[in-house]
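Please keep the model open while reading.

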Amino acid sequence: MSENFITVESLDRKAVEEQQIEFVERKGLGHPDYIIDAACEASSIQLSKYYLKEFGYILHHNLDKGLLVGGRAVNRFGYGRVEEPITIIVAGRASTRVKSPTGDIVIPVDNIVKDAIKNMIRSNFRFLDPDQHIVIETRIRESAPDLKAVVESKTKTPLANDTSFGVAFYPFTPLEKIVYETERRLNSPDFKHRVKESGEDVKVMGLRRGKTIIITVADGIVSTLTKDRDHYHAVKEAIKDEVAKLVNKIAPDYESVVYVNTADKYGVQVDNEIFYLTCTGTSAEHGDDGNTGRGNRANGLITPNRQMSLEAAAGKNPISHVGKIYNILARLIAERIYHETGQVREVYVRILSQIGRQIDQPLSASVQVLATNKFTSNLGNEIQRIVEDEVSKVTRITELVLSGEVTVF
């Protein structure tokens, strides 16, 4: 493998943590954009496993075009009902037939996809019933012959089926850690056991202004478990206290304030009161819709202060689609550079493919570092060695995806 594709350079700029303003967002488990990402990804994983079991290798597919159309629901304290179901539509391309000596083998792609989505919903939601509350539609057509030929080629290393790039950075700033961990904490089994009224639709927005952190949380509180206005207010306070403790643990040197469900309006005119109530735990039941790729980036966050890819990684095949693989690869490289060199404060990795090239032969790999002290040739050489090593092992990412060891949203 040629070394010419790797470029390592030093950054001369303020670290994000030292910039005056920082924004970070995470759309959580029950957010419509997260749900449709998860639906597309679950579909790809289950289809990949089916291909492996039946044929010994993963056939071409990309199920990365998804749409969630919100339903219609009625909620009030102590009561909630879905009146019109949520619609989940997964579209894309897949190998639907395989030739055999006895004739064509038809692959039940639609059934595999629908079962995968239902199982994903059952595994993640307490009150969202995939049979009662969701209609699943598929628009999956046969793969194009040219892309099938690229993906299913008999080369030792898979060929890239797109010209695309992946981007990653490391490490997280305190604000990035807070935003990510806040959603994970509020959707943890422990917190849901203690505050069962908290819904799965948790969206977290973080702002750091100098040394002050402001966290805004939206949580679709479950109507059927919340008996009145005072109960609702107590749930909000429990959420606020949980987040405040987490913020103080991660960033004890910062001043902080936490807001929960700031669109609420109550306590003055009863007729005009507003409460964020859901009976299923997600605004997808009535308030919002979702598109694949509109949510979190491959590292689980939306970070306008950082370099990012706009790639919709969820649902892309995990064997040759560099729009997924290179985002994961870039993250693995960035983490190794930070931990193994011990000499960088921030590291950014960008990897570019070219359709038809082996995925272990990128067209370009760019590494930019903000060194802790001085950028040296020895540091550059160590970074190059890490990049070469991770790129040479890129095919292991397929198993990481199928086993659930890495996620892309």
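## The β12–β14 pair

Strand β12 (residues 212–219) and β14 run parallel, joined by six bridges. In this pair, Ile214 stands opposite Val257 of β14. The model is a predicted one.

## The sheet

β12 and β14 belong to an open sheet of four strands. The order is β2-β11-β12-β14, and the pairing is mixed. From one strand to the next, the twist averages 10°.

Which strands stand at the edges? They are β2 (21–27) and β14 (255–260). Each has a single partner strand, so one side of each has no neighbour in the sheet.

## Helices across the sheet

Helix α4 (residues 174–186) lies across β2, β11 (202–209) and β12. Its direction is at about 25° to β2.

Helix α6 (residues 229–250) lies across β12 and β14. The angle between α6 and β14 is about 155°.

## The α1–α2 packing

Two packed helices are described by the angle between their axes and the distance between the axes. For helix α1 (residues 32–55) and helix α2 (residues 109–124), the angle is about 130° and the axes are 8 Å apart. That makes α1 oblique to α2. The crossing is right-handed.

On the α1 side, the contact includes Ile35, Ala38, Ala42, Gln46 and Tyr50. Among the α2 residues they meet are Val109, Ile112, Ala116 and Met120. By class, the contact of α1 with α2 has 14 nonpolar and two polar residues, with no charged ones.

How values were computed:
Residues numbered from 1 in each chain as written. Predicted model: local features only at pLDDT ≥ 70, side-chain atom pairs only at ≥ 80, totals over all residues. Heavy atoms only, no water. Axes fitted to C-alpha atoms, helices over the stretch in contact; angles between N-to-C directions. Helix = DSSP H or I, 4+ residues; strand = E, 2+ residues; numbered from the N terminus. Parallel < 35°, antiparallel > 145°, perpendicular 65-115°, else oblique. Left-handed = near helix turned anticlockwise from the far one by under 90°. Contact = heavy atoms within 4.5 Å. Nonpolar A, V, L, I, M, F, W, Y, C, P; charged D, E, K, R; others polar. Pairing = 2+ DSSP bridges.
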